[in-house]
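Here are some notes for a colleague who is opening this structure for the first time.

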Amino acid sequence: MTGRALAVVIWLLTIFCVALFFMGWWFPPSISEHGPAYDQQFLITIIVVGISFVLAQVGLGYMVWRYRDTGRGERALYSHGSNRLEMTWTVITAVIFISLAVLGQRVWASLHFQPAPPGTAQIEVVAQQFQWNFHYPGADKQFGRTDPTLVKDADLNFVGLDASDPLAKDDAVVASLAVPLNRPIELTLRAKDVTHSFWVPPLRFKQDLVPGMNIKVHFTANKPGKYELACAELCGQFHFKMKSYMLVIPGNEYDELVALPQAQFQARMGELLKKYQ
Ligand SMILES: [Cu+2]
C-alpha cells in the first residue's frame, strides 16, 4: 500500500511543479531588441527540460508502483545494469544539452563578442560599494582622462576624473543611467573595489563588473520607461542598498540631457526620474 501511495505522491508533485509554470509568474516584459531571442531560447530550454523532468518522474512513480512490496515475500533481483542503455541516455542527454548551448551561444555572442555598431553612444559605468556611477562624455562625445589616484569620494570625484583635461570639462558623472530609445548603446563596465553585477531584468541583461577589467557590452532598448537597476552580486554589507534606475528616453530628450554640464545634467536627471514612473 505504501508503495502505491508513494507513487501517487510523486505524480502529484510532478503535476504541481509543472502547474507552477502556468500560474502567471513570469519575467517582466522585455524592453530590448535582443530580449525576444533570449526569451525564445529560455522557452525552448524550459520545454526540453520540462519534458525530461516529467518523463523521469512518471517513470520513477511507475517503478515505485510496479516493484512495491506486495507482502508476498518476493525476492529482489539484482541487475548489473546495461552498457547499451547507459550509452544511449548519456548520448541523448549530451546531444540535447550541447544543441541548447550552441543555440543560446548565438544570441549571447552577438551581444558580448561582437563589437557595437560604429557611432554607438558610450557610457562608462563604475561600480563601488555601494553605489553606481555613470560617466557620460558630454557634447564632445569624448571621455575626459580618469586616473585611479584622483578618485576622491569626499569630493564626489567617484571615477577619478582629471579636471585639468580639457576633454573632462563637459563630462558628467551621475548616479542614474539614461539611455536613448531605439539606439544602440555601449557600456564600459568597471569596478573600483569588489565584483559587482549590472542587472536590469526587463533588459534581459546581467553582467559582472570585475576590478581590473574593462568589460564592454552593448544593447538597444526599445521601450521608454524607468527600470530598476540592481547589483546582482553580493558585494558587501550594504549590497541590498546598491540600486539605481535606468531610464529609456526618446533620442531628442537624451541628446539634450547629455549635452548638459554636470550640475544641470544632475538636475535634469532628477526631473526625468520623476517624469517616468
Ligand atoms: Cu554591488
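1. The expected span of a helix is 1.5 Å times one less than its number of residues. In this predicted model, helix H5 covers residues 262-275, and its 14 residues should therefore span 20 Å, which agrees with the 20 Å that separates its end C-alpha atoms.

2. The buried residues of H5 are Phe-265, Met-269, Leu-272 and Leu-273, and because they cover an arc of only 100° around the axis, they fall on the same side of the helix. Ala-263 and Lys-274, on the other side of H5, are exposed. The cover over the buried residues of H5 includes strands S2, S3, S4, S9 and S10, together with helix H4.

3. The copper ion has as its protein donors His-196 (ND1), Cys-231 (SG), Cys-235 (SG) and Met-242 (SD), at 2.1 to 2.5 Å from the ion. The arrangement is tetrahedral because the 4 donor atoms subtend angles of 91 to 123° around the copper ion. Since His-196 belongs to strand S6 and Cys-231 to strand S9, this pair ties together parts that are 35 residues apart in sequence, and both of these residues are buried.

4. Strand S6 (residues 196-200) pairs with S7 in the antiparallel sense over 5 bridges, with Lys-206 of S7 as the bridge partner of Trp-199. The hairpin of S6 and S7 has 4 residues between the strands, and in this hairpin Arg-204 takes a positive phi near 55°.

Note on methods: Residues are numbered from 1 along each chain as its sequence is written. This is a predicted model: local features need pLDDT of at least 70, side-chain atom pairs count only at pLDDT 80 or more; totals for chains, interfaces and linings use all residues. Side-chain values use heavy atoms; hydrogens and water are left out. Two strands pair if DSSP finds at least two bridges between them. Helices (H or I, at least four residues) and strands (E, at least two) are DSSP runs, numbered from the N terminus. Donors are N, O and S atoms within 2.8 Å of the metal (3.2 Å for Na, K and Ca); water is not among the atoms, so sites may look incomplete. Four donors count as tetrahedral if all angles lie between 85 and 135 degrees; four count as square planar and six as octahedral if opposite donors are over 155 degrees apart and all others between 65 and 115; anything else is irregular. Buried means under 20% relative accessible area, exposed over 50%, partly exposed in between (1.4 Å probe, protein chains only). The arc is that of the directions from the helix axis to the C-beta atoms. Contact means heavy atoms within 4.5 Å.
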